[in-house]
Amino acid sequence: MKNDNMKNQYRINEQIRVREVRIVGDGESMVLPTRQALDMARDQGVDLVEISPNANPPVCRLIDYSKFLYQQKKRQKEMKAKQVKVEVKEIRFGPQTDEHDYQFKLKHAKEFLEDGNKVRAYVFFRGRSILFKEQGEVLLLRFANDLEEYGKVEGMPSLEGKKMFLYLAPKKAGAQKKSQQARDREAVESASKEAVKQQQPVDDTPANGGLFANAKISADALKKLTENEE
C-alpha cells in the first residue's frame, strides 16, 4: 500500500501535460518543451519524472522510475534514522550517597548526555534526612561541575517537596571545550605521574578527601558556568 502511494505521488512521461519543463541532473539545469524532454528520455531508455510540480516550470529528472522510487525510499529511511528522540533520564541520589555509588551514577549520566538525552538528577530526602538539604545541594553542584564537559545546566538546584532537582541538557557535538577544572585535573594527574617517576611526593589531598572534599563550589561559580554556556 505504501509503495502504491509513493508511485502515485509523482507524474511520469505522458502524465506530464505542461508545455515545458526544467530538466535537472549532474549539476545542470535546462528548460525544454515537454515533448522534447520525453524524446530525450526515450532515447536514453529512462523515464521523465516530475519531482517538483509547483515550480515554474515544473522540475523533472531523466531517470529510471524504479530506481528513482528506490532512492526516495532510501532517503526517507535515512532521515527517519537521523531523527533522534530526546529522552529525560533520571539519576537519583540520597543525601549521603557514598563515593562508589556517586561515581557509578556519574558514569551513567555521561553516557546519557553523550547519547543526546537530558538528565534530571535529584536528591530524595526521606523523613528527617531533609535536615541534610544543604548537603544534597552540594552533591548536585558537584555533579553539575563533574559533567560540565558533557552537559549544560538548565537551572540551579531547586527543592520540590522532598526532592531537590538539577536539570542538565547535552552539549552540541563538536562544541565541547575543556573546562578550567578539567585542565586543572589533567595538570594534577600529569604532575602525579612525573612524581612517581622521580619518586617525589605530590600533594593530592583533595583527591582523597571523600565525597564532598572536591565539592566546595559555590552557587556563584555554577552561575558563571551557565552564563558561559549562553
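**View 1. V119 of β6 faces L168 of β9.** V119 stands opposite L168 in β9, and the two strands pair in the antiparallel sense over six bridges. Two strands count as paired if DSSP finds at least two bridges between them. Helices (H or I, at least four residues) and strands (E, at least two) are DSSP runs, numbered from the N terminus. β6 is mostly covered, with five of its seven residues buried. Here, buried means under 20% relative accessible area, exposed over 50%, and partly exposed in between (1.4 Å probe, protein chains only).

A word on the model before the next views: it is predicted, so local features need pLDDT of at least 70 and side-chain atom pairs count only at pLDDT 80 or more, while totals for chains, interfaces and linings use all residues. Residues are numbered from 1 along each chain as its sequence is written, and side-chain values use heavy atoms, with hydrogens and water left out.

**View 2. The whole chain, for orientation.** The protein chain holds seven helices and nine strands. Of its 230 residues, 31% count as buried. Among contacts (heavy atoms within 4.5 Å) with a separation of 6 or more, residues 24 or more positions apart account for 61%.

**View 3. β5, α4 and β6 form a right-handed β-α-β unit.** A crossover is right-handed if, with the strands pointing away from the viewer, the path from the first strand over the helix to the second runs clockwise. β5 and β6 pair in the parallel sense over six bridges, and V88 stands opposite K118 in β6. Look also for P95 in the loop between β5 and α4. Is P95 buried or exposed? P95 counts as buried because its relative accessibility is 10%. P95 and L139 are 44 residues apart in sequence, yet their C-alpha atoms are 7.7 Å apart in space.

**View 4. The largest nonpolar core has 20 residues.** Such a core is a set of buried Ala, Val, Leu, Ile, Met, Phe, Trp, Tyr and Cys residues joined through side-chain atoms within 4.5 Å. The members that touch the most others are I91, F93, V119, L140, F143, L147 and L168. At least two residues each come from β5 (88-93), α4 (99-114), β6 (118-124), α5 and β9 (163-170), and α4 gives the largest share, five residues. Leaving out residues up to four places away in sequence, L147 touches L106, A109, K110, L113 and L168. A second, separate core of nine residues includes V21, L38, L48 and C60.

**View 5. Helix α5 spans residues 133-146.** Its 14 residues reach 20 Å from the first C-alpha to the last, close to the 20 Å expected at 1.5 Å a residue; the expected span is 1.5 Å times one less than the number of residues. Buried residues of α5 include G136, L139, L140 and F143.

**View 6. β1 and β2 make a hairpin with two residues between the strands.** Strand β1 (residues 20-25) and strand β2 (residues 28-33) run antiparallel, joined by six bridges. V24 stands opposite S29 in β2. D26, in this hairpin, takes a positive phi near 55 degrees.

**View 7. V86 sits in the loop between α3 (65-82) and β5.** Which residues does V86 contact, leaving aside its neighbours within four places in sequence? They are G116, N117 and K118. V86 and A169 are 83 residues apart in sequence and 9.9 Å apart in space, C-alpha to C-alpha.
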